[in-house]
Amino acid sequence: MKILFLIFGFIFLGLGIVGIYLPLLPTTPFLLVASYCFAKGSEKFNNYFISTKLYKENIESIKSKRGIIKSKKVKILSIVTILISISFYIVNNLHAKICLICVLVFHYLYFIFKIKTIGE
């Protein structure tokens, strides 16, 4: 089972790194999942991942429940809004459009009221 966690940890780490360079792929959620997988899979890989600059810049403040800086919140919400807007435009099903609106509203409510904004 630990091998699977390590494999998934590296997959999500790779997706997170790709997300740094591709604006449509979010980095933070993938790195959070990678962190969880490394914690479950191997203490050695988890300790190494925690000590990296990638972890400290993107995940540490979230895991310690301090929050996210305002510019990162705006970037995440902008990308989500753009992607959901494109999907909303493409989809012709009324129920799907309602679901997309609900997802967008949930994202905004969650980021505004649940995740704290910290100073840079």
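## Exercises on helix packing and cores

The crossing of helices H1 and H2 is left-handed. This model is predicted.

**Exercise 1.** Work out how H1 and H2 run relative to each other, and which residues make their contact.

*Solution.* 
- Step 1. Locate the helices. H1 covers residues 2-21 and H2 covers residues 27-41.
- Step 2. Take the geometry. Their axes come within 7 Å and cross at roughly 160°.
- Step 3. Apply the cut-off. Angles over 145 degrees count as roughly antiparallel. H1 and H2 are therefore roughly antiparallel to each other.
- Step 4. List the contact. H1 supplies residues including Lys2, Phe5, Leu6, Phe12, Leu13 and Ile20. From H2 come, among them, Thr27, Phe30, Leu31, Ala34, Phe38 and Lys40.
- Step 5. Sort by class. The H1 contact with H2 has 15 nonpolar, five polar and two charged residues.

**Exercise 2.** Find the orientation of H6 to H7 and the make-up of their contact.

*Solution.* 
- Step 1. H6 spans residues 70-90, and H7 spans residues 94-114.
- Step 2. They pack at an angle of about 175°, with axes 10 Å apart. That makes H6 roughly antiparallel to H7.
- Step 3. On the H6 side, the contact includes Lys73, Ile76, Val80 and Ile84. On the H7 side, Lys97, Leu100, Leu104 and Phe111 are among the partners.
- Step 4. By class, this H6 contact with H7 holds 12 nonpolar, three polar and two charged residues.

**Exercise 3.** Identify the residues of the largest nonpolar core and the element that gives the most to this core.

*Solution.* 
- Step 1. The largest nonpolar core has nine residues: Leu6, Leu13, Leu31, Ala34, Phe38, Phe49, Leu54, Tyr55 and Ile59.
- Step 2. Elements giving two or more residues to this core are H1, H2 and helix H4 (53-58).
- Step 3. H2 gives the most, with three residues.
- Step 4. Take Leu31 as a case. Setting aside residues up to four places away in sequence, Leu31 touches Leu13, Gly16, Phe49, Leu54, Asn58 and Ile59.

**Exercise 4.** Decide whether Thr117 is buried, partly exposed or exposed, and find its contacts.

*Solution.* 
- Step 1. Thr117 sits in strand E2 (residues 117-118).
- Step 2. Thr117 has a relative accessible area of 48% and is partly exposed.
- Step 3. Thr117 and Ile69 lie 48 residues apart in sequence, but 5.4 Å apart in space, C-alpha to C-alpha.
- Step 4. Leaving out neighbours within four places in sequence, Thr117 contacts Ile68, Lys70 and Lys73.

Technical notes:
Residues are numbered from 1 along each chain as its sequence is written. This is a predicted model: local features need pLDDT of at least 70, side-chain atom pairs count only at pLDDT 80 or more; totals for chains, interfaces and linings use all residues. Side-chain values use heavy atoms; hydrogens and water are left out. Axes are lines fitted to C-alpha atoms, for helices over the stretch in contact, and angles run from 0 to 180 degrees between N-to-C directions. Helices (H or I, at least four residues) and strands (E, at least two) are DSSP runs, numbered from the N terminus. Angles under 35 degrees count as roughly parallel, over 145 as roughly antiparallel, 65 to 115 as roughly perpendicular and the rest as oblique. A crossing is left-handed if the near helix is turned anticlockwise from the far one by less than a right angle, and right-handed if clockwise. Contact means heavy atoms within 4.5 Å. Ala, Val, Leu, Ile, Met, Phe, Trp, Tyr, Cys and Pro count as nonpolar, Asp, Glu, Lys and Arg as charged, and the others, Gly among them, as polar. A nonpolar core is a set of buried Ala, Val, Leu, Ile, Met, Phe, Trp, Tyr and Cys residues joined through side-chain atoms within 4.5 Å. Buried means under 20% relative accessible area, exposed over 50%, partly exposed in between (1.4 Å probe, protein chains only).
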